[in-house]
Amino acid sequence: MRERPNLVRATRWLLTGALTAGLVLSASNAMAQKKKPGGKKPAAPPAGAPAGAQGGAVELDQPAQPATPPPADGLELDSPQPGAQPSAQPAAPTAGATGGICDIDPSACPKPEDVKAAAKKDVKAEIYAVQQIYALRARRFEFNPYFGFTLNDQFVSHPGPGLAINYYLTNVLAIGLNGNLYTGLNSDSQFNFENRRATHVAAPLNEYQFSAALNFTYVPMYGKFAAFGDFIFHYDAYVVGGVGAISTRPIPVIDPDNRKFDYEMKLAVNLGLGLRIFLNRWFAVTAEVRDYIFNEKLENLTVAAGSAASDKGTWFGDNQITNNVQAQIGVSVFIPFSWDYRLPK
């Protein structure tokens with residue numbers, strides 16, 4: 001009767017051990033189970049879940065991946081974007097490449113032989129800080145027809161046409177010729193006529209035939225001004241001077257019945273100031289005041305008695321330095337009409 005309780009106890013312990021072993025084996029088998037081929041793909045882990053997590057479960061036989069903290073601005077610039085294709089590997093730099101402009105565009109960098117050739121050139125240290133001159137004058141001819149009027153003779157006027165031809169050696173210096181024609185245009189003034197009639201006193205008068213001179217012109221200043229709204233005019237001012245000759249003779253006033261004078265050439269010098277206003281690059285309007293200075297022979301105020309009255313030696317009186325101040329209005333034409341700047345800017 002004692003053997004039966006021992007047998008029951010042993011049977012109970014045996015069943016308990018078998019059950020425990022079966023539970024342990026089934027649990028370990030379930031944890032080590034592999035994915036069968038053809039099965040469903042596990043759902044994608046949620047954002048921020050550690051690698052290897054599927055359906056919220058963690059593989060116990062795999063080491064947990066440490067979570068990477070997100071960058072401060074929420075985007076890792078050097079990390080690939082989700083779904084983006086990995087970029088190709090950069091090409092290896094060539095030998096001696098520096099990555100500068102010379103490697104990108106070799107034509108932008110001078111070659112050593114070009115640098116040596118440039119170093120041998122003469123350098124002219126000239127800096128042009130002003131605007132290009134509107135009308136260059138250097139190596140150009142100027143044809144200047146004009147008409148002159150006497151300004152300072154109250155008794156007789158000497159108007160007449162004239163022509164000046166200048167050649168500019170430089171942009172500011174010219175050499176040229178000019179001439180005036182007075183024949184047939186000399187006229188007695190109304191003031192002189194009334195003076196003789198009122199006082200019965202005659203003043204010695206002279207008339208001019210022509211004049212010619214060799215001149216030098218210097219242009220010290222030029223500029224521009226606005227007029228008539230939006231029009232811009234360019235101008236230059238010049239100084240002119242020269243030496244030549246003038247042909248004159250006295251007008252017989254004291255003894256016109258017996259005296260008849262011939263024209264004589266006298267040495268004359270001239271000085272003047274002028275202004276040119278350019279309407280385009282080769283055509284300009286000119287205004288000039290010039291003083292022609294010469295030694296004039298005047299008629300003798302006394303008449304010799306008897307036969308001496310016909311002696312020409314008694315017809316002339318004193319010599320007098322005469323200033324014929326003349327205003328000249330005309331135009332200038334420059335030839336050639338166009339040119340190229342020597343140093344275009």
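Two strands count as paired here if DSSP finds at least two bridges between them. Keep that in mind for the close-ups below, which come from a predicted model.

**View 1. F143 sits across from I165 where β1 meets β3.**
Look across from F143 and you'll find I165 in β3. Strand β1 covers residues 141-150 and strand β3 covers residues 160-168; they run antiparallel, with 8 bridges joining them.

**View 2. The barrel is built from 8 strands.**
Follow the strands around and the order reads β1-β3-β4-β6-β7-β8-β9-β10, closing into a barrel with antiparallel pairing. On average, neighbouring strands of this sheet are turned by 25° against each other, direction ignored.

**View 3. N144 is a buried residue of strand β1.**
N144 belongs to strand β1. Why does N144 count as buried? Its relative accessibility is 5%, and the cut-off for buried is under 20%. The N144 side chain has a polar contact of 3.3 Å with the side chain of T286. The side chain of N144 also gets to the backbone oxygen of V331, at 2.7 Å. Setting aside neighbours within four places in sequence, N144 touches G162, L163, A164, T286, G330, V331 and S332.

**View 4. A hairpin links β8 to β9.**
How many residues does the hairpin from β8 to β9 run through? The hairpin has 4 of them. Strand β8 takes in residues 264-278 and pairs with β9 in the antiparallel sense, over 11 bridges. For a landmark, pick out L275, which stands opposite A287 in β9.

**View 5. β9 also pairs with β10.**
Strand β10, residues 316-335, lines up with β9 in the antiparallel sense, and 16 bridges connect the two. To get your bearings, find E296: its bridge partner in β10 is Q320.

D291 lies in strand β9, which spans residues 283-299. Leave out the neighbours within four places in sequence, and D291 is in contact with V269, N270, L271, N323, N324 and V325.

Terms used:
Residues numbered from 1 in each chain as written. Predicted model: local features only at pLDDT ≥ 70, side-chain atom pairs only at ≥ 80, totals over all residues. Heavy atoms only, no water. Axes fitted to C-alpha atoms, helices over the stretch in contact; angles between N-to-C directions. Contact = heavy atoms within 4.5 Å. Buried < 20%, exposed > 50% of the residue type's maximum accessible area, 1.4 Å probe, protein only. Polar contact = N/O pair within 3.5 Å; in protein donor to acceptor, adjacent residues only side chain to side chain.
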